[in-house]
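This report goes through helix packing, the sheet, the ligand surroundings and some backbone details. The sequence and the structure come first.

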Amino acid sequence: MVLSDYVNTFGQYLLRRYRERVHKLTINAGFTCPNRDGTKGRGGCTFCNNVSFSPNARCPPPVATQLESGRQVIAKRTGAQRFIAYFQAYTNTYADIQHLASLYEEALAEPDVVGLSIGTRPDCVSEEVLDLLASYQKRGYEIWLELGLQSAFDSTLERIQRGHGFAEYQQAVVATRQRGIPICTHLIIGLPGEERSHNLVTLDRVLELGVEGLKLHPLHVVKHTILAKQWRQGTYQPLEMSTYVSIAADMIERTPPDIVYHRVTATASMAILQAPIWCHKKWAVLNAITAELHRRNSEQGEKGSVQGERGAVQGERVKKKVKRISDVSGMI
Ligand code: SF4
């Protein structure tokens, strides 16, 4: 019993597409964030760790050097020979277009890099950047735009000091989809003032607009954040693991099976994680989500959402395909 028996995972999507293992290599290209530098705000999101904005964190090694160290680790661990360069840290479209192109193209110049995944905020997606990414896609590269939305509720986004609302996400999605660039939207479970129903409504709004991929994260309380202060004062209560697992399973069931889950949980280093401590045990959470879907005799797309009809039709096809591949390779 593995997660990919129940969920259309990114690993399995890449395996179907490339017929071999393809792994993401994480890049920190030294960007900052408009919610930090004063353009949108100075304090940043309430859960964002201040230490990560230290000068050292913003002077990382060159992209090619980071790819080389990442590929050595991953190749030894998994045998993967091809990679996606994942520009993950901070806001990876927040610079002038020449600088962005030079960083992205440094990664694409590596012969074993098949594409890019670009993490950013919905209010930092210019037409210029989208045209640049679309030009890479036309050259045959695998391109994903990863949009941090977290919640579709403006009241929540305000409460966590995101510095943008749902409207910016809508605009970014329309412009990105006009160019045919796949989007992976990041959502957080356990945000202050939210409960299960908020996550399900957020999911419905995201599906209604259209999306190709999703990432689910539990809200971490990490050191040196506003959230950590709220947690110490007792005004923020983190989720129990069982609640996270149950909400994640609800969301997976409501997601059409052709949408790719890039992640269904996330972890944080024990050096900074304060709560909930179960977030540190990624495999325990993944196994619990798998077990929960198994217990429900359910899978991705099982329950209708706004796209329920479509999900029901495609569910069997994707399930069989995913199952067949996992049977052969034993991959997750
Ligand atoms: S948008 Fe991202 S990098 Fe910027 S403050 Fe929020 S969490 Fe931190």
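## Helix packing: H3 with H4

Angles under 35 degrees between two axes count as roughly parallel, while those from 65 to 115 count as roughly perpendicular. The model is predicted. In it, the axes of H3 and helix H4 (residues 127–138) cross at roughly 25° and come within 11 Å. H3 and H4 are therefore roughly parallel to each other. The crossing of H3 past H4 is right-handed.

On the H3 side, the contact is made by Ile97, Leu100, Ala101 and Leu108; H4 contributes Glu128, Val129, Leu132 and Tyr136. Sorted by class, the residues of this contact of H3 with H4 are 7 nonpolar and 1 charged, with no polar residue.

## Helix packing: H2 with H3

H3 (residues 97–108) also packs against helix H2 (residues 63–78), here at an angle of about 35° and with the axes 9 Å apart. The handedness of the crossing of H2 and H3 is right-handed.

Which residues of the two helices meet? From H2 they are Val63, Ala64 and Leu67, and from H3 they are Leu103, Glu106 and Ala107. The contact of H2 with H3 comprises 5 nonpolar residues and 1 charged residue, and no polar one.

## Helix packing: H9 with H10

Helix H9 (residues 241–253) packs with helix H10 (residues 282–295) at about 55°, and their axes are 9 Å apart. H9 passes H10 with right-handed crossing geometry.

In H9, the residues that meet H10 are Met241, Val245, Ser246, Ala248, Ala249 and Ile252; their counterparts in H10 are Val285, Ala288, Ile289, Glu292 and Leu293. The contact of H9 with H10 divides into 9 nonpolar, 1 polar and 1 charged residues.

## The sheet

Strands of a sheet pair through backbone hydrogen bonds, in either the parallel or the antiparallel sense. Here, 7 strands form an open sheet with parallel pairing, in the order S1-S2-S3-S4-S5-S6-S8. Strand S1 (22–27) and strand S8 (260–263) are the edge strands, each pairing on one side only. From one strand to the next, the twist averages 25°.

How many bridges join S2 and S3? Strand S2 (residues 82–87) pairs with strand S3 (residues 113–120) in the parallel sense over 5 bridges. Phenylalanine 83 has valine 113 in S3 as its bridge partner. Helix H1 (residues 10–18) lies across S1, S2, S3 and S8, and H1 runs at about 120° to S8.

## Surroundings of the ligand

Which residues are found around the ligand? They are Cys33, Asn35, Arg36, Gly44, Cys45, Cys48, Tyr90 and Arg121. This shell around the ligand has 4 nonpolar, 2 polar and 2 charged residues.

## Backbone details

Two loop positions have backbone geometry to note. The peptide bond from alanine 275 to proline 276 is cis, and its omega is near -15°. Proline 276 is located in the loop between strand S9 (273–275) and H10.

Arginine 19 is not a glycine, yet it has a positive phi of about 60°. Arginine 19 lies in the loop that runs between H1 and S1.

Note on methods. Residues numbered from 1 in each chain as written. Predicted model: local features only at pLDDT ≥ 70, side-chain atom pairs only at ≥ 80, totals over all residues. Axes fitted to C-alpha atoms, helices over the stretch in contact; angles between N-to-C directions. Helix = DSSP H or I, 4+ residues; strand = E, 2+ residues; numbered from the N terminus. Left-handed = near helix turned anticlockwise from the far one by under 90°. Contact = placed C-beta atoms within 7 Å. Nonpolar A, V, L, I, M, F, W, Y, C, P; charged D, E, K, R; others polar. Near = placed C-beta within 6 Å. Pairing = 2+ DSSP bridges. Parallel < 35°, antiparallel > 145°, perpendicular 65-115°, else oblique.
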